[in-house]
Amino acid sequence: MRFEFEHLGTTTPFELAEGLHLLGGGPEDDIHLEGLPPKLLSLRIEAQRLMVEAARTFSVNGVLVPPGVPRLVLPGEALGLPEDMGLRVLQESVGERGVGTVALLKGLLTGTNEPGLSRAATLTCLTGLDVGRVHALAEPTTEIGRGREVALRLRDRAVSRMHARVLHGEDGFTLEDLGSPNGVFLNGRRVEARVPLADGDVIELGRSLLRFQAAMEEPAPPAPPAPEEPPSAEAPAPSSVEPSSDAPPETTPESPKRRGEWWLIGLGTLAASAGVAITWLLATGSP
């Protein structure tokens, strides 16, 4: 799994294999960072999922996580550390959004294969007994709580039977508290009234954290090809065969009208010759 360490404006990328890795400032820590307490974080990577547990309170995308609570960290999320240090989980090289999350959660659902991609908005459980569970928000209303009658049931004693509700309307998704004693928190702030949800928001109910992922947008349909204009009737199509310069010139046969004119001229000439001969005989003949 790929990470990026941030400190004093500089970033250092590195990779970790599957297994348990300790991060801190002690000599026995696998990832040694000066200035941090020893064994500050434990990073457990199994089946392409990352579970983080800390000896002290830390934050993920600005949301505080209490010590001793394992937290599922998704690609793209950043861990806040002391001394203005940060640790970011890098996104995998995938062609479609959501594939990284599915790969990260592979093997979490007991008895099921890797789930297929969903274009619906989802809530992913990040902590507790339901860690890794993904719930699609396909209905207009989704109640969350510990009771059997809710759509998204959490196995968390600190969650009320009807704790919160997510609504889907024309303006998107909104979250509201259903009067729970422990309250509902969005990105670390208590929800007093109905609030909109944005991609990546973290909802806190009792000891459970849920990450909201917005619906995937449908790709725009490709533009239809422009119709081809038919060739104009006024402009004749050029011939693809050019006449050879060695070919003999074409001869056109003499028309019948032209031949008739020549016969008339010949008959007129004959008649004129006959007239001249008769005139000459009459002039030279005896009386």
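Six strands, in the order β2-β1-β11-β10-β7-β8, make up an open sheet with antiparallel pairing. Strands here are DSSP runs of E with at least two residues, helices are runs of H or I with at least four residues, and both are numbered from the N terminus. Two strands pair if DSSP finds at least two bridges between them. The edges are held by β2 and β8, each with a single partner strand, so one side of each has no neighbour in the sheet. From one strand to the next the twist averages 25°, with axes as lines fitted to C-alpha atoms and angles running from 0 to 180 degrees between N-to-C directions. Phe 58 has Val 65 in β8 as its bridge partner.

The model is predicted: local features need pLDDT of at least 70, side-chain atom pairs count only at pLDDT 80 or more, and totals for chains, interfaces and linings use all residues. Residues are numbered from 1 along each chain as its sequence is written, and side-chain values use heavy atoms, without hydrogens and water.

The protein chain has two helices and 22 strands. Of its 287 residues, 34% are buried (under 20% relative accessible area; exposed is over 50% and partly exposed in between, with a 1.4 Å probe and protein chains only).

Two aromatic pairs are found in the whole structure; rings of Phe, Tyr and Trp (its six-membered ring) pair if their centres lie within 6.5 Å, and planes under 30 degrees apart count as stacked, over 60 as edge-to-face and the rest as tilted. Phe 3 and Phe 14 form a stacked pair, because their ring centres are 5.5 Å apart and their planes at 15°. Phe 3 is in β1 and Phe 14 in β2, so the pair ties together parts eleven residues apart in sequence.

| Residue | Relative accessible area | Class |
|---|---|---|
| Phe 3 | 1% | buried |
| Phe 14 | 23% | partly exposed |

The largest nonpolar core has 31 residues, of which Leu 41 and Leu 50 touch the most other members. Such a core is a set of buried Ala, Val, Leu, Ile, Met, Phe, Trp, Tyr and Cys residues joined through side-chain atoms within 4.5 Å. Strands supplying at least two residues each include β1, β5 (41–46) and β11 (85–89). The largest share, four residues, comes from β6. Another core, of 20 residues, lies apart from it and has Leu 123, Val 184, Leu 197 and Leu 205 among its members.
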